[in-house]
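This report describes one protein model, from its overall fold to individual side-chain pairs. The sequence and structure are shown first.

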Amino acid sequence: KAQIDAVRLSAGLGEEEKHLHSLLNMASDLMKEMADVEKEYGVTARIAAIAGGQRPNPHGMNFETFILASMLDKVSEAASSRLQVMSKGRYSLRRTLERRTVRSAGGLGLEVFDMYTGRVRNVTTLSGGEGFMASLSLALGLADVVQAYAGGIHLDTMFIDEGFGALDPEALDLALDTLIDLQRDSGRLVGVISHVPELEERIDARLKIEVADNGSKARFVLD
């Protein structure tokens, strides 16, 4: 009986061994198939990880941020040509790669180069009037770039809302001269929304809002 049991056990172990070998062969085939798939799609996966910002880079930029940064370069270049005129050659705008935090992306910030000191400054260090001129320059630069890339679309009208009160008389003249040149050279309608009295002397066509006890009235004034 013991001999019979040993023969049965040996036969059972033999079948188990065959089954294990079959499983090992299947696992080996699956591993080879997985290796082929990883090799085939490895490059695509790496590109997707980089484009999605999942792989670290020095500036924390993903592909979308990279495209926006490229456009911001063009906007800042166009804006600088305006700002240099309004600031009498002192300021120009540059895109910075600085990151505010470790988790934030770099490449979409702006800094100011000061020709008087030869140094780069944070835009937050600009005075109220200087900040307004920089903002106005960026708006004009953005309009130029959008129009250039819009496939024939022309921006016929632009409105500037306030900010002129922060300018000293000389800076105000430079800002208005820039807008007048823009209107003359491009034919755009440039509207200025402001309460600064000095603007009335420089703008021939005005829509004047007068406040009264029984309500507000609007009338066109042509000089």
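## Overall architecture

Of the contacts in the protein with a separation of 6 or more, 50% are between residues 24 or more positions apart; contact means heavy atoms within 4.5 Å. The model is predicted, so local features need pLDDT of at least 70 and side-chain atom pairs count only at pLDDT 80 or more, while totals for chains, interfaces and linings use all residues. Residues are numbered from 1 along each chain as its sequence is written, and side-chain values use heavy atoms, with hydrogens and water left out.

The secondary structure comprises five helices and seven strands. Helices (H or I, at least four residues) and strands (E, at least two) are DSSP runs, numbered from the N terminus. From the N terminus on, the order of elements is α-α-β-β-β-α-β-α-β-α-β-β. The protein has 223 residues, of which 25% count as buried. Buried means under 20% relative accessible area, exposed over 50%, and partly exposed in between, with a 1.4 Å probe and protein chains only.

## Helix H3

Helix H3 covers residues 128-149, 22 residues in total. From its first C-alpha to its last it reaches 31 Å, close to the 32 Å expected at 1.5 Å a residue; the expected span is 1.5 Å times one less than the number of residues.

The buried residues of H3 include Phe132, Met133, Leu136, Leu140 and Val145. Also buried in this helix are Gly129, Glu130, Ala134, Ser137, Gly141 and Ala143. The partners against which the buried residues of H3 pack are the helices H2 (63-86) and H4, together with strands S1 (91-96), S3 (119-122) and S4 (157-161).

## The largest pocket

The largest pocket has a volume of about 950 Å³, and 24 residues line it. Nearest its centre lie Val192, Ile203, Ala205, Arg206 and Leu207. Two or more lining residues come from each of helix H4 (169-186), strand S5 (189-193), helix H5 (197-202) and strand S6 (205-212). By class, the lining has 15 nonpolar, four polar and five charged residues. Here Ala, Val, Leu, Ile, Met, Phe, Trp, Tyr, Cys and Pro count as nonpolar, Asp, Glu, Lys and Arg as charged, and the others, Gly among them, as polar.

On a 1 Å grid over the protein atoms alone, a pocket is an open set of points with protein on both sides within 12 Å along at least five of seven lines, and lining residues have an atom within 4 Å of a point. Grid points are joined across faces, edges and corners, and the volume is the space filled by probe spheres set on the points.

## Salt bridges

Side chains of opposite charge can pair when their charged atoms come close. The whole structure holds seven salt bridges, each defined as a side-chain nitrogen of Lys or Arg within 4 Å of a carboxyl oxygen of Asp or Glu. One of them joins glutamate 170 to lysine 88, with an N to O distance of 2.6 Å. Because glutamate 170 belongs to helix H4 and lysine 88 to the loop between H2 and S1, this pair ties together parts that are 82 residues apart in sequence. Glutamate 170 is partly exposed at 44% relative accessibility.

Aspartate 114 pairs with arginine 90, their closest N and O atoms being 2.9 Å apart. Aspartate 114 lies in strand S2 (residues 109-114) and arginine 90 in the loop between H2 and S1, so the bridge links parts 24 residues apart in sequence. Aspartate 114 is buried, at 1% relative accessibility, whereas arginine 90 is partly exposed at 21%. Within helix H4, arginine 184 and aspartate 181 are three residues apart, about one turn of the helix, and form a salt bridge with closest N and O atoms 2.7 Å apart. Arginine 184 is exposed at 53% relative accessibility, and aspartate 181 is partly exposed at 32%. Salt bridges that share partners join Arg90, Asp114 and Arg121 into one network.

Lysine 88, in the loop between H2 and S1, is exposed at 52% relative accessibility. Its phi is near 60°, a positive value in a residue other than glycine. Most residues other than glycine have a negative phi.

Tyrosine 116 is located in the loop between S2 and S3 and is exposed, at 57% relative accessibility. Leaving aside neighbours within four places in sequence, tyrosine 116 is in contact with Lys88 and Arg90. The C-alpha atoms of tyrosine 116 and tyrosine 91 are separated by 8.5 Å, with the two residues 25 apart along the chain.

Conventions: On a 1 Å grid over the protein atoms alone, a cavity is a set of points where a 1.4 Å probe fits but cannot get out, and a pocket is an open set with protein on both sides within 12 Å along at least five of seven lines; lining residues have an atom within 4 Å of a point.
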